[in-house]
Amino acid sequence: MATGTEPHRSSGGVRIRTRAAITAPHLRTDRWWLAPAVTAAGLFAFVVYSTWRAFANADYYAAPYVSPFYSPCLARNCETMHAGPNADLFGSWWAISPAIIILIFPLGFRLTCYYYRKAYYRSFWASPPACAVAEPHAKYTGETRFPLILQNVHRYFFYAALLVAGVLTYDTVLSFRDEHYAWGHMGLGTLVFLANIVLIWAYTLSCHSCRHIVGGKLKHFSRHPLRYRAWQFVGRLNARHMQLAWASLVSVALADFYVYLLASGVFDDPRFF
Amino acid sequence: MSVVDRQEWDVVVVGAGGAGLRAAIEARERGARTAVICKSLFGKAHTVMAEGGIAAAMANVNEHDTWQVHFRDTMRGGKFLNQWRMAELHAQEAPDRVWELETWGALFDRTKDGKISQRNFGGHEYPRLAHVGDRTGLELIRTLQQKIVALQQEDHRETGDYESRLKVFQECTVTRILKTVPDSGSAAGSRVNGVFAYERETGRFFVLEAPAVVIATGGIGKSFKVTSNSWEYTGDGHALALLAGAPLLNMEFVQFHPTGMVWPPSVKGILVTESVRGDGGVLRNSDGKRFMFDYIPDVFKEKYAESEEEGDRWYDDPDNNRRPPELLPRDEVARAINSEVKAGRGSPHGGVFLDVSTRMPAEVIRRRLPSMYHQFKELADVDITAEPMEVGPTCHYVMGGIAVDSDSAAARGVPGLFAAGEVAGGMHGSNRLGGNSLSDLLVFGRRAGWHAAEYAAGAGGRQAVDDTQIDTAAAEALRPFSAEVEAADAGEPVGGPPENPYTLHQELQQAMNDLVGIIRREGEMEQALRKLAELRVRARRAGVEGHRQFNPGWHLALDLRNMLLVSECVARAALERTESRGGHTREDHPTMDRRWRNINLLCAAADPTGGLAATDPVRGQITLTRETTEPIRSDLLALFEKEELVKYLTEEELYE
Amino acid sequence: MSSYEARFKVWRGDVEGGGLKDFAVEVNDGEVVLDIIHRLQATQAPDLAVRWNCKAGKCGSCSAEINGRPRLMCMTRMSVFTRDETITVTPLRAFPVIRDLVTDVGFNYEKAREVPSFVPPEGVGPGEYRMMQEDVDRSQEFRKCIECFLCQDTCHVVRDHEENKAAFAGPRFLMRVAELDMHPLDAADETGLDRKRTAQDEHGLGYCNITKCCTEVCPEGIKITDNALIPLKERAVDRKYDPLVWLGSKIRRRA
């Protein structure tokens, strides 16, 4: 009968025998490759830049600004930053760049982020490259097994990202000093840091895990009006998660680059007051 | 001749819309092994198109609402021609049917205190329609579909087979009701014995043997050109019943919904929900005038606002103001729009303007009328939050249908045959109120399933299905593949080459739309009958190419038989009833006549053997009889004021 | 009113084989792709098989792939194409083909049966259900689904890997699990049915790599990934990967 309850056995994709006989892997006529190409280029550029900067172990502090890549700085080989985010947790055995210690956390947060997962699954792994475009892999198990099942730890990276965002907020407060650590001053760098920290927070709070924790896990919003409002707020941010992911990625790189330019003496921070 | 697959079931339900699924659930829950047959995929029935809501006097929004008030509204809407016992049962049972849906997982919109929210609708005195935005029909069908799945899961746990007690045969079409061979000398005649059907996918024939068959196939709108109905609405159930020997009731009453889309042409007729008006939308002509104030008929004068100010106040303070005339019953609004357009005050594409953009903030419109917003944006490129819609009447619903017993939904004259939903007649009288359709499906769907299961259990021994009937049915279904040859063999004059079924269908739609449409005239209806006779003869030559596997041309050729039969019923009954009432408007008899109030018109197949007098254009296929209806029970009559009753009932009826 | 002749390629055939057939066909103002398919039926190919029903984007029957993208034919206006564009219409490519534009969507009906139904709460009779609007909003969004199965068709998990069909319910039915899990009165928990856990263990939630094609093709604009699948993943994390929860359950078991 027409209820179609036969079991499915064969393996393969759109070109297997039971499906409509069409040889092309897809029939899209639009520029479907553009989005994954741009994403791949953007992510690749950031990886190159951040690798260089993370391993450079130099030019990350120009009073009162500390590069977000190196904050908090947790080893003895860190530069001394007056009242800055220094905490010698690792001691002297840590020989390479201290950025590596802390970058694990924002990196892990972004790597397991639901948006970035979509971005790199599509653009780097072509799984799928675009909707209704056949993927090149013979087998697919998704996030059902190691290592990708580890994506489920996103929530813990979110907690860590909250802490990191807290430190970066502290750094931004510190940026209201001048180069002699006197309070009540602002320079162009302060604005760069302000913009960055707003975007970092917006991105962090717009996280899907955050949305779940503040209220999404509830069955009855009506019994938790405050959490419901928090959930709605996060939900509105969450709708922009992709934009915030990119904006904060660019802003954090810019903030670092700004510090680099100052520290390497390319120019002096224009001070407002 | 034909070797066809046969299966035994207790109850077969034809149609898987709201009524069919509700019937199937009931029959299965009462222990009957139940099969459902539907033309589309499971869950795609036309019920999904219902937007406004389910009318039920739950009194969640206005505490004064009771079943008596709902009954009164229904009778008024139907101009007192309703089968009153159906209207009574419907009003009494609708709340339970809605509440039951919640226990199956339905999620209606809520009031502030967490009850089911209810909205205003044309002809309903209080806010009464349980709804989900403007996609209530979808919620209804999905809930029933999921309840069926739940029952199948239960059966799977017990028997290891999902389909052991309840099975859906999707994308299959029934072409004949099979009956037992009458015992010689028995006056009782034959009873239902099963159905003959084909799978659309493969074209294979099969027979489901069952003592009880519930017809729930919906309406007939596809016989009209401008219609809100989907392709399935070819009057299959009406025709199946006729051919099985059951009469159809009051087929002249066809509802033209006042607001269908008029542009672009390809979507002409698609429904614009009445909720637009219930929530504050107003109708204007090309002069910008709210013309409905000029069209309040005398029988409704006291109930509707006389000024725009009063009408507008009603939305916030319904207890102290009267409702705006945009919310008159559908027949009144449809006729008013028709008159405005004829008088040259229509919109550019031949409708009138329906405006919400100046009445509500854009945000509210998008929240309360999401599908309408979407529909106009996608299909007509119109932003209803910024500009008015253009709307005009569209064929929407047939009030007439299979004549049934009010309590049991049993079709008259054919033991074992039941009918529920749009295909059944009587409930709505001459005009249906919005929202009463979905409640009708639930109330009478359940009753049909219940009584069919009971009947099947008591039906005694089964009788094998008669092979000759199967062979005849198979031959009839295969005819379009060899139309020309057969006609020649039978010695009939071959009037020409094979006919294209699509062309025949288009001509039928045009004829019905133009000649038996919203405003009717004697001469035109006679012309329609001649056209139908001509089409009937040509339909004998409807031929198709290709093979039986999912062949839409073939399917249409078979559906033509049903559309022609039903169209003839509509035209004959409309010609006979010399008055205007509800969904039947005669230009030559423009007023309602109290002497017609208690007259039912019954259509029966002229050839009692179930064959078709298809080759004789003069005789027609339908005979028409009048019958006088049972007087309305006195306690129900007492629910109305005397002043109101005198408008509808004759002196004799009043003083009986 | 302006009309023109458009070039179409429509896939015709059945499971034995077939291919794209060329048609030239008239197009009028305001028409959608389904109108053109109907015109082909009425004038050039009377046996062209196509599934459709409401023609208003409400029933989800006329799903197909138009220029390679899964769409409803009744909701794809011809005006989105240029006049010299050749428009390709094929059946859904994730399901077995039956004939022409009609596919066997039985997979979806099987999966629907595998999701345990709504469990009504004990002791709450019909008419006594009280639910707040904010509590039903989420599930109501998912119930807008018209079951066109475009999300099931586009999802690469089954589209590109037939062998995953057994283990993966697809976006539509994972969304159904989410809908029930968020239903304010669903009493599955009380009967020992943990929808969060079964989403991963029985319905293949882990296969989803949230690449959002389901959301992209949904004609109802349901945010399937953000509002159903990801929340469901987070709920599964609550159950299975939260060390605090895990520790708590261990301790409770010991005690």
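This is a short talk on a few features of the model above, taken chain by chain.

Okay, ground rules. It's a predicted model, so local features need pLDDT of at least 70 and side-chain atom pairs count only at pLDDT 80 or more, while totals for chains, interfaces and linings use all residues. Residues are numbered from 1 along each chain as its sequence is written, and chains are lettered from A and ligands numbered from 1 in the order in which they are written.

Let's start with chain C. We have 10 helices and 7 strands there; those are DSSP runs, H or I of at least four residues for helices and E of at least two for strands, numbered from the N terminus. The C-alpha trace of chain C spans about 75 × 40 × 30 Å along its principal axes. Of its 255 residues, 64% are buried, meaning 20 or more other C-beta atoms within 10 Å of a residue's own, with 12 or fewer being exposed, partly exposed in between, and C-beta atoms placed from the backbone.

Now, how does chain C meet chain A? On the chain C side 56 residues are in contact with 49 of chain A, where contact is C-beta atoms, placed from the backbone, within 7 Å. Helix α9 of chain C, residues 224-240, gives the most to that side, with 7 residues. By type, the chain C side splits into 22 nonpolar, 16 polar and 18 charged. Nonpolar here is Ala, Val, Leu, Ile, Met, Phe, Trp, Tyr, Cys and Pro; charged is Asp, Glu, Lys and Arg; the others, Gly among them, are polar.

Over in chain A, the unreviewed UniProt entry lists several stretches as "transmembrane region", including 156-176 and 182-203; such annotations may be inferred rather than shown by experiment, and positions are in the numbering used here, with feature names shortened. In the model, residues 156-176 of chain A are 90% helix and 0% strand, with end C-alpha atoms 31 Å apart. For 182-203 of chain A, it's 73% helix, 0% strand, and again 31 Å between the end C-alpha atoms.

Last stop, chain B. B:R412 sits in the loop between β17 (401-402) and β18 (417-419). Leaving aside residues up to four places away in sequence, B:R412 touches B:A246, B:P247, B:A403 and B:V404. And its C-alpha is 9.2 Å from that of B:L248, 164 residues apart along the chain.

How values were computed: Two residues are in contact if their C-beta atoms, placed from the backbone, lie within 7 Å.
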